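Have a look at the model first, and then we will walk through it topic by topic.

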Amino acid sequence: MGFFRRPSGHATTAVVLALAEQPATWRYGCELLAQLDLAAGSLYQVLMGLADRGLLEATWESEVPAGRLPRHRYRLT
């Protein structure tokens, strides 16, 4: 059986504070990774957890430039 480690409260707090700087602005995970000192696995676990609890809105990009894959974007609810 695999080992599952829950992200620290510090990681969740850091993500929420980063998103709260501009709560109405859509942010991408890659932007948050550049801003925060978190591992990608921790960041995306936090983002999914916040979205599951209804604290975060997550959606796919509606307009994707040619040659690039669509990305998820996030903002506080």
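Where is the place of E21? E21 sits in the loop between α1 and β1. Helices (H or I, at least four residues) and strands (E, at least two) are DSSP runs, numbered from the N terminus.

Keep in mind that this is a predicted model, in which local features need pLDDT of at least 70, side-chain atom pairs count only at pLDDT 80 or more, and totals for chains, interfaces and linings use all residues. Residues are numbered from 1 along each chain as its sequence is written, and side-chain values use heavy atoms, with hydrogens and water left out.

**The overall picture**

- The protein has three helices and three strands, and along the sequence they follow the pattern α-β-α-α-β-β.
- Of the 77 residues in the protein, 27% are buried. Buried means under 20% relative accessible area, exposed means over 50%, and partly exposed is in between (1.4 Å probe, protein chains only).
- The protein exposes about 5,300 Å², and carbon and sulfur atoms supply 57% of that area. Accessible areas come from the Shrake-Rupley method with a 1.4 Å probe, and for residues only the protein chains shown count as cover.
- Among the contacts in the protein with a separation of 6 or more, 45% are between residues 24 or more positions apart. A contact means heavy atoms within 4.5 Å.

**The sheet and its helices**

- The three strands form an open sheet in the order β1-β3-β2, with antiparallel pairing. β1 (27–28) and β2 stand at the edges with a single partner strand each, so one side of each is left without a neighbour in the sheet.
- In general, strands of a sheet pair through backbone hydrogen bonds, either parallel or antiparallel. Two strands count as paired if DSSP finds at least two bridges between them.
- Five bridges join β2 to β3, which run antiparallel. Look for L56, which stands opposite L76 in β3.
- Helix α1 (residues 9–20) lies across β1, β2 and β3 and runs at about 85° to β3. Helix α3 (residues 40–52) lies across β2 and β3, running at about 110° to β2.
- Those angles run from 0 to 180 degrees between N-to-C directions, and the axes are lines fitted to C-alpha atoms, for helices over the stretch in contact.

**Salt bridges**

- How many salt bridges does a search of the whole structure find? The search finds four, where a salt bridge is a side-chain nitrogen of Lys or Arg within 4 Å of a carboxyl oxygen of Asp or Glu.
- One of them joins the side chains of R27 and E31 (3.1 Å, N to O). R27 counts as buried at 8% relative accessibility, while E31 is partly exposed at 32%.
- Another brings together the side chains of R75 and E57 (3.0 Å, N to O). This pair links distant parts of the chain, with R75 in strand β3 and E57 in strand β2, 18 residues apart. R75 is partly exposed, with a relative accessible area of 24%, and E57 is partly exposed at 32%.

- E61 lies in the loop between β2 (56–60) and β3 (72–76). Is E61 buried or exposed? E61 is buried, with a relative accessible area of 10%.
- The side chains of E61 and R71 meet in a salt bridge (3.5 Å, N to O). Both residues lie in the loop between β2 and β3, so the pair ties together parts that are 10 residues apart in sequence. R71 counts as partly exposed at 28% relative accessibility.
- Salt bridges that share partners join E61, R68 and R71 into one network.
- The side chain of E61 also makes a polar contact with the side chain of R68 (3.0 Å). A polar contact is a pair of N or O atoms within 3.5 Å; within protein, one must be able to donate a hydrogen and the other to accept it, and residues adjacent in sequence count only if both atoms are side-chain atoms.
- Not counting residues up to four places away in sequence, E61 touches Y28, R68, L69, P70, R71 and R73.

- R73 is found in strand β3 and counts as buried at 18% relative accessibility.
- The C-alpha atoms of R73 and Y28 are separated by 4.8 Å, although the two residues are 45 residues apart along the chain.
- Leaving aside neighbours within four places in sequence, R73 is in contact with residues including W26, R27, Y28, E57 and E61.
- E21 counts as exposed, at 56% relative accessibility. A polar contact of 3.3 Å joins the side chains of E21 and Q35.
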